[in-house]
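Subject: The structure you asked to see

Hello,

Here is the structure, ready to open next to your own notes. Have a look at it first, and then read on for what turned up.

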Amino acid sequence: MKNKSISIVAICLLFLVIGIKAQKAIYLDSTKPIEERVKDALSKMTLEEKIAMCHAQSKFSSKGVPRLGIPEVWTDDGPHGIREEVFWDEWKGAGWTNDSCTAFPALTCLAATFNPEMALLFGQSIGEEARYRNKAVLLGPGVNIYRTPMNGRNFEYMGEDPYLSSRMVVPYIHGVQQNGVAACVKHFALNNQEEKRMTIDVLVSDRALHEIYLPAFKAAVEEGKVWSIMGSYNQFRGEHCCHNDLLLNKILKGDWKFDGVVISDWGGVHNSDQAVNNGLDLEMGTSTDGLTSKGKLAYSDYYLANPYLDGLKSGKYEMKTLDDKVSRILRMIFRTTMSANRPFGRFVSPEHSDAALQIAEQGIVLLKNEKQLLPLSPCNYKKIVVIGENATKSLTIGGGSSSLKVAYEVSPLEGLEKRYGKENIVYSQGYASGPSNYGKEIKPNINTDSLQNVAIETAKNADVVIFIGGLNKNKNQDCEGGDRISFNLPFNQDQLIQEILKVNKNMVLVLASGNAVAMPWIKDVPAIVQSWYLGSESGNAIAAVLSGDVNPSGKLPFSFPVKLEDNAAMSFGEISYPGDGTKQEYKEDILVGYRWFDTKKIAPLFAFGHGLSYTTFSFGKAKTDKTSYSKSDSVKLSFEIKNSGKVRGAEVAQIYISDVKSTVLRPLKELKAFSKVFLEPGESKLIEISLPIKDWAFYNEKTQSWDFEQGKFTIMIGASSGDVRQKLNVMVE
Ligand code: BGC
């Protein structure tokens, strides 16, 4: 009897053990709250395993915990398409045959759509491509503010206005993260030039920091709920931004309550003490390039690798700081690769081509259109001469880390030939820039004089000349690692354009660039189109807009100055841009972009928000629900927009405010809302916009908080910052 009960107890115990064994560990159980999973995983990890998660193990990845089945973190650029696979420890393409992606338009083009729905579509589509390629983190989008047209990376960002970039970055992040892929908003912060980017120390006021340079990052964190952020290479007030206490600990993690991972820019870390204590979580790099030495076990020499381990062992660093870093990385893994709800993504699908095309078509900006030269109806033009290297050069390659290996790219020439008929088009290159190259310009191996002569000769008898030029993502032509060296178009294009105009005035100029350029020929060119870098569908989008199949509706996300010195940052000399070699001062302070042009009464060549259409729009009389508001109110603004022309089109109503009387300097105009509306000919729509008064505050440096002064505010409604159609006054009590 005794033996029988012993065996029953033994059997029960066995079942219990089996039961316990079969029960999933909490961290593996996706039905459990993420914070419980994080705590559980952390409790199971050794010190070495934790450290291993905080630094790179290859160019684009960091370790998981193999013993526990926690996957590695694979990141990839970003922000316009998913970069090809590179070798473990080299930048060189690894030669995979399944990694040619869809190239979406550059972020300047996305910003120019002034359409948050396009940002969502962009994020969803690129997120699907990242997911399909098994990436946990997409290294983008970029939201550094367009401060000077010389910045080589402006094309990767969303322009000069903090409100516009905030409204566009949030849906982009939502779209990406719906795919179980973390967006990584970059470069935090003040990385507004490439010149001396690794070392330059930026000095900027608290006010400009909070009003101009941080809002898009703040929106990304607070509204976008972004899962990772990339520190920038430069310094801010004497500390590198990848380990900057004020930016990372106080503002990002403290004030904004960011619970994701701070990832360093590649080689942006310079000091273990600061990397440990000032808010960095994951150190990435370029082999040992980010350090000063080269060794066999480069990754274990990283600032957050062995030096961190040694410091923890000796008691120099606190364990809770490490646990916080690892918790953040685990949280990101549970949100992405270990999420049970992760969809499977898709790659180079027709839907992605369609998304790229839509974004491109909505982002192209018609800058000038004298005597309605555009659209060029295919019925009327049988002798079209296309001139310019950018008509055929791949513009998805180049630019640095955003360079893409694409499944396909329709060049502008191919797009035009398809739309107008090959037999109606003659192409002449006109100028040459040399092969695409990151590190230095390689001179073209061709006689450029004869190229120019042939182009001029060919232009003589054309019905119309379509000049397709601009910059091209080569070194110093909109490219990472260096700024532009001239505001003028390179490779003698200005002279070529002027020579062509002497023989044929019927010119449509299509400008591929992510930056404003000098336009010495502007008076003589009847039609100018800003076409950005449009990605895979480039040629189709350009042909659709030039032919009138699509009515352009893009608006400039930054101002074009007449001359370089008219730009705020450039007007203060070397100390403002590019700095004296070690530091620079943002002397224009809050007066960036149109805030400068308007307040200083300097006429831009093209104003922020400018963009023409093939139709016309009229704005009805605007009204507000009240005339006097408290600081916690929102103004309910309404007005009608009518398509008063003959073709379907879209207008972007832009709402700016002005604080009429203030004891601190306020810009003459600040964008506070916009609405893109699509209208059939003759159709009207009522636009209703809510303007929260709290968004009209300024950053008070004395109190270190957002502040108000009561009094009169003017609400301006217009079609660009330079085309205000109506003004209304309201009182804020
Ligand atoms: C760039 C980042 C990029 C990273 C990885 C860096 O040089 O600044 O934007 O994501 O390289 O390619």
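How many aromatic pairs does a search of the whole structure find? The search finds 28. Rings of Phe, Tyr and Trp (its six-membered ring) count as a pair if their centres lie within 6.5 Å; planes under 30 degrees apart are stacked, over 60 edge-to-face, and the rest tilted.

Before the details, a word on the source. This is a predicted model, in which local features need pLDDT of at least 70 and side-chain atom pairs count only at pLDDT 80 or more, while totals for chains, interfaces and linings use all residues. Residues are numbered from 1 along each chain as its sequence is written, and side-chain values use heavy atoms, with hydrogens and water left out.

**Aromatic rings**

Helices (H or I, at least four residues) and strands (E, at least two) are DSSP runs, numbered from the N terminus. Phe572 is partly exposed, at a relative accessible area of 31%, whereas Trp596 is buried, at 9%. Here buried means under 20% relative accessible area, exposed means over 50%, and partly exposed is in between (1.4 Å probe, protein chains only).

Trp696 and Phe713 have ring centres 5.2 Å apart and planes at 45 degrees, so this pair is tilted. Their pair also links distant parts of the chain, 17 residues apart, with Trp696 in the loop between strand 23 (684-692) and strand 24 (698-700) and Phe713 in strand 26 (residues 711-720). Both Trp696 and Phe713 are buried.

Which residues form one aromatic cluster? They are Phe114, Tyr163, Tyr594, Phe608, Tyr656 and Phe674.

Two lysines also meet rings. The charged end of Lys59 sits over the ring of Trp91, 4.9 Å from its centre, and that of Lys473 sits over the ring of Tyr533, 5.0 Å from its centre. For this, NZ of Lys or CZ of Arg must be within 6 Å of the ring centre and within 35 degrees of the ring normal.

**The ligand**

The ligand is surrounded by 15 residues, and the closest are Asp77, Arg153, His187, Asp265 and Glu480. A residue counts as near if one of its heavy atoms lies within 4 Å. By class, this shell has 6 nonpolar, 2 polar and 7 charged residues. The nonpolar class is Ala, Val, Leu, Ile, Met, Phe, Trp, Tyr, Cys and Pro, the charged class is Asp, Glu, Lys and Arg, and the others, Gly among them, are polar.

Oxygen atoms of the ligand come up in the following distances. A polar side-chain atom of Arg153 lies 2.8 Å from a ligand oxygen, an N or O atom in the side chain of Asp265 is 2.7 Å from one, and a polar side-chain atom of Glu480 is 2.7 Å from one. The protein covers 97% of the 310 Å² of accessible area that the ligand has on its own (Shrake-Rupley method, 1.4 Å probe; for residues, only the protein chains shown count as cover).

**Loops to look at**

Ser513 lies in the loop between strand 14 (507-512) and strand 15 (527-530) and is buried, at 0% relative accessibility. Its side chain reaches the backbone oxygen of Asn515 at 2.6 Å, and a polar contact of 3.1 Å joins the side chains of Ser513 and Gln530. A polar contact is a pair of N or O atoms within 3.5 Å; within protein, one must be able to donate a hydrogen and the other to accept it, and residues adjacent in sequence count only if both atoms are side-chain atoms.

Where are the cis peptide bonds that came up? One joins Gly78 and Pro79, with omega about -10 degrees, and Pro79 lies in the loop between strand 2 (73-77) and helix 4 (107-112). Another cis peptide bond joins Gly140 and Pro141, with omega about 5 degrees.

Lys371 has a phi near 50 degrees, a positive value in a residue other than glycine, and is exposed, at 79% relative accessible area. Trp532, also not a glycine, has a positive phi of about 55 degrees, but Trp532 is buried, at 1%.

Best wishes
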